[in-house]
Protein chains: 2
Amino acid sequence: MRVTDVSVTVVAVPDPPLRNVIGCHQPYALRNIIQVRTDDGRVGLSEMPGGTQAQAALRAAARHLIGMDPFAVERLRLLFPGNPRTQSAFEVACLDLVGKAVGRPVADLLGGAVRDRVPFSAYLFFKFATPDGWLATAAGAPAPWTPLGMYGWPDAVLTPEAMVEEADAFVRRYGFRVLKLKAGVLAPALEVETLRLLRARFGPAVGLRIDPNGGWSVPEALDALPALEEIGLEYYEDPVSGGDAMAEIARRTPLPLATNMCVTGFADLPDAVARRTARVILADHHWWGGVGALRHLGRFCEAFGLGLSQHSNTHLGISLAAMVHAAATVPHLTYASDTHYPWQQGWDIVNEPFAFDPADGTLPVPTGPGLGVTLNEDAFRRLAELAAAIPAADCRDDDAAMRRWFPDWTPKDAVVMRRLIS
Amino acid sequence: MRVTDVSVTVVAVPDPPLRNVIGCHQPYALRNIIQVRTDDGRVGLSEMPGGTQAQAALRAAARHLIGMDPFAVERLRLLFPGNPRTQSAFEVACLDLVGKAVGRPVADLLGGAVRDRVPFSAYLFFKFATPDGWLATAAGAPAPWTPLGMYGWPDAVLTPEAMVEEADAFVRRYGFRVLKLKAGVLAPALEVETLRLLRARFGPAVGLRIDPNGGWSVPEALDALPALEEIGLEYYEDPVSGGDAMAEIARRTPLPLATNMCVTGFADLPDAVARRTARVILADHHWWGGVGALRHLGRFCEAFGLGLSQHSNTHLGISLAAMVHAAATVPHLTYASDTHYPWQQGWDIVNEPFAFDPADGTLPVPTGPGLGVTLNEDAFRRLAELAAAIPAADCRDDDAAMRRWFPDWTPKDAVVMRRLIS
């Protein structure tokens, strides 16, 4: 089994105007779909963040794969040193190929599932009301089909009270037992008040998290502590930006700090350990070099007494399948994983879309060979056509989207935030 | 593919009277050979240190494997928590089964080899002349066959000069480019002198290591530093015993300290990092939970700037195969691995005994399915019969062997040393 061909296709996925510290999600989230083909006629799938810029980089890298044995995933680290995103893009596709070749799910290639179902958390965003023409393409036409099962978008969620209703819908529909609030959008006091209302509505059994994406100042983050400690959080994620500021907050609270911003790869671990920057690492196989890297990280976090969960970017079912397989095999995955998936439900490009168990917010580990998902060619073609039709498919730009509402918008700290969303 | 049966057999392997800090190797080294059988008629092999004590523990654990899918190696950590030796014993056998089932070498199941050949180092021991009747069994009979290709044993090596001749034979026969001196036997000054003579004989291209097994005092270890720094070492292994003492030596020398004694599992890593106990971890898949654990450790060492190599206990070809497969897949295996294998050459129980390349001391990665070795049933039966015939097959006891020469012998620090040899 040797690689004969690699294709990388940009797709655009409809996305609501979700708010974050830098701005607002654009009408279409961009993903790269990687298809690695072999001489025995198999196709391995993978999905990565990014538009045509990422596509160009992956295409340039792909030529090194020709002739490769898909079992040889460790070689990807040598082929693409210092480039964990490229490693991840091809590692997942290779594991999909190996699983298909041996008739086993990817989880089995990673040591086997230690849990049958993987828990996820609700990802709650403040958002604008969806404007008319939000999904218009460059040609002026809207998305040319009506998705099934999509989560209703039209209404604004810009107050604590509206967020509680939004959370209620998430819990009823998807069963999530953990609620994560994307913060750094309203005033900190309002976001803390949102958590207080969520606790009042859902009681002590639901886990709460808040993620200001490093957008709060140290005084703001410290001011929030008494209320957050009283409300009770699973973790306090990236309240401030940078290792020094994070360590400062960590010293002042018993709440565990979590991060996907100041620990974004293995090279960040020694400093994080030495300075006690965070007690929970929010890993992402797309950033860390693949699902095998997530397993290495799990063993590290276990040994060092750190918590571990999965970060999420806007994604479709191929990425979600990889997340579920990886999570199923890591004993030490101590927190429910984040996912944006409900926001994209109805637009997935796989024939086996995922459905969270309304009883507990979990997903079953796919049992089919490889990732256990296959491309729905019609849906794939439609999202690829959308990517070709929208004005800016090069890379994500949440500032630009925000300027639809606030023409003078600049992010508080664009440099830091770029690391988060790219 | 489900596990239907597990057998654990003790074998006894002839061994020379090799000296170390606690005493002397016994006439027979004890190993457990694990055979895991599945409902589709396959047998997976594994090899572990130990005699009938270890056998009893493995047999008691083995009942938990019945019905297990050999792909599900991660579950072994949940089945046998806190027992990495049992995890390792069954993990390697399961990987051998999986490799045979999918027609791939174990290295491919671990991400694929990143090197075709794996370097090893000479393991140089001071030793007594082999006494008459050394290999006599309980019944008084010697080992009942003549091994082929064995390394000649009869002469004593108890001076620096004799050790240089021994090393010369090792280099000529096996091609090793790294020489490791098992120390803590003669006076420290004589052992340092041995290294000086080795450097003089073999020149700057050969790597040198010394391992007093924690048997030196802090003043002894410090006194040796100027000479060792001048001679030049790859690493200074466990000169002293315990993390405090190791950290004290580490602060006083640019030589990298290595250890297989104060870092023996993942739980030791946080302290080792915080105190800078050692700069090179000598891992052993038998102790750390298996070859998958070695891969996790490799990624950890890479991130934290630590070196990594493999520790060796007296072993046969099944263990060596596992070591080679694992080493082949870890990019960050920065030092040639230790091996006792030459001391047992000619007594191996596999049909594919290993032969170090006389040009460079490397071994090729086996290309057959699974571990790439199969049991030589005749040789296996003979070593099992030997284990049944010798007086003490319960566990290793280097004190007892030493008392053949020194009736009042007690080890310097038996408590610490038991960790090393068990």
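The model is predicted. A search across all chains finds 44 aromatic pairs, and the structure also holds 6 cavities of 30 Å³ or more. The largest cavity has a volume of about 780 Å³, while the largest pocket holds about 770 Å³ of space.

**Aromatic rings**

- A pair of aromatic rings is described by how far apart the centres are and by the angle between the planes.
- The whole structure contains 44 such pairs over all chains.
- In one of these pairs, the ring centres of Phe125(B) and Trp343(B) are 6.1 Å apart and the planes meet at 80°, so the pair is edge-to-face.
- Phe125(B) belongs to strand β5 (residues 122-125) of chain B and Trp343(B) to helix α14 (residues 341-344) of chain B, so the pair ties together parts that are 218 residues apart in sequence.
- Phe125(B) and Trp343(B) are both buried.
- In chain A, ring pairs join a cluster made of Phe120(A), Tyr123(A), Phe125(A), Phe170(A), Tyr174(A), Phe176(A), Tyr341(A), Trp343(A), Phe354(A) and Phe356(A).

**Charges over rings**

- Arg299(A) places its charged end over the ring of Phe266(B), 3.9 Å from the ring centre.
- Arg299(B) lies over the face of Phe266(A), and here the distance to the ring centre is 3.9 Å.

**The largest cavity**

- Rolling a probe the size of a water molecule over the atoms shows where empty space is left.
- The largest cavity has a volume of about 780 Å³.
- It is lined by 41 residues, and the closest to its centre are Leu109(A), Leu110(A), Leu109(B), Leu110(B) and Arg295(B).
- From chain A, the elements that each supply at least two lining residues are α2 (75-79), α3 (84-102), α4 (106-109) and α12 (291-303).
- From chain B, α2 (75-79), α3 (84-102), α4 (106-109) and α12 (291-304) each supply at least two residues of this lining.
- Sorted by class, the lining of the largest cavity has 19 nonpolar, 10 polar and 12 charged residues.

**The largest pocket**

- The largest pocket contains about 770 Å³ of space.
- Its lining has 33 residues, of which Val273(A), Ala274(A), Pro270(B), Val273(B) and Ala274(B) are the closest to the centre.
- Two or more lining residues come from each of α10 (269-275) of chain A, α9 (243-251) of chain B and α10 (269-275) of chain B.
- By class, 22 residues in the lining of the largest pocket are nonpolar, 6 are polar and 5 are charged.

- In chain A, helix α9 covers residues 243-251, and its residues Gly243(A), Ala245(A), Met246(A), Ala247(A) and Ile249(A) are buried.
- The elements that cover the buried residues of α9(A) include α7 (218-223), β7 (235-237), β8 (257-259) and α10 of chain A.
- In chain B, the buried residues of α9(B) are Gly243(B), Ala245(B), Met246(B), Ala247(B) and Ile249(B).
- Those residues of α9(B) pack against α7 (218-223), β8 (235-237), β9 (257-259) and α10 of chain B.

- Asp238(A) has a phi near 40°, which is a positive value in a residue other than glycine.
- Asp238(A) sits in the loop between β7 and α9 of chain A, and with a relative accessible area of 1% it is buried.
- Asp238(B) also has a positive phi, near 40°, and is likewise a residue other than glycine.
- Asp238(B) sits in the loop between β8 and α9 of chain B, and at 1% relative accessibility it counts as buried.

- Pro27(A) is part of the loop between β1 (3-14) and β2 (28-38) of chain A.
- Buried means under 20% relative accessible area, and Pro27(A), at 16%, counts as buried.
- Leaving aside residues up to four places away in sequence, Pro27(A) touches Val13(A), Pro14(A), Asp15(A), Trp134(A), Leu135(A) and Arg404(A).
- Pro27(A) and Pro17(A) are 10 residues apart along the chain, and their C-alpha atoms are separated by 6.7 Å.
- Arg382(B) lies in helix α15 (residues 377-389) of chain B, and its relative accessible area of 27% makes it partly exposed.
- Arg382(B) and Ala12(B) are 370 residues apart in sequence, yet 8.9 Å apart in space from C-alpha to C-alpha.

Methods:
Residues are numbered from 1 along each chain as its sequence is written. Chains are lettered from A and ligands numbered from 1 in the order in which they are written. This is a predicted model: local features need pLDDT of at least 70, side-chain atom pairs count only at pLDDT 80 or more; totals for chains, interfaces and linings use all residues. Side-chain values use heavy atoms; hydrogens and water are left out. Rings of Phe, Tyr and Trp (its six-membered ring) pair if their centres lie within 6.5 Å; planes under 30 degrees apart count as stacked, over 60 as edge-to-face and the rest as tilted. Helices (H or I, at least four residues) and strands (E, at least two) are DSSP runs, numbered from the N terminus. Buried means under 20% relative accessible area, exposed over 50%, partly exposed in between (1.4 Å probe, protein chains only). A charge sits over a ring if NZ of Lys or CZ of Arg is within 6 Å of the ring centre and within 35 degrees of the ring normal. On a 1 Å grid over the protein atoms alone, a cavity is a set of points where a 1.4 Å probe fits but cannot get out, and a pocket is an open set with protein on both sides within 12 Å along at least five of seven lines; lining residues have an atom within 4 Å of a point. Grid points are joined across faces, edges and corners, and a volume is the space filled by probe spheres set on the points. Ala, Val, Leu, Ile, Met, Phe, Trp, Tyr, Cys and Pro count as nonpolar, Asp, Glu, Lys and Arg as charged, and the others, Gly among them, as polar. Contact means heavy atoms within 4.5 Å.
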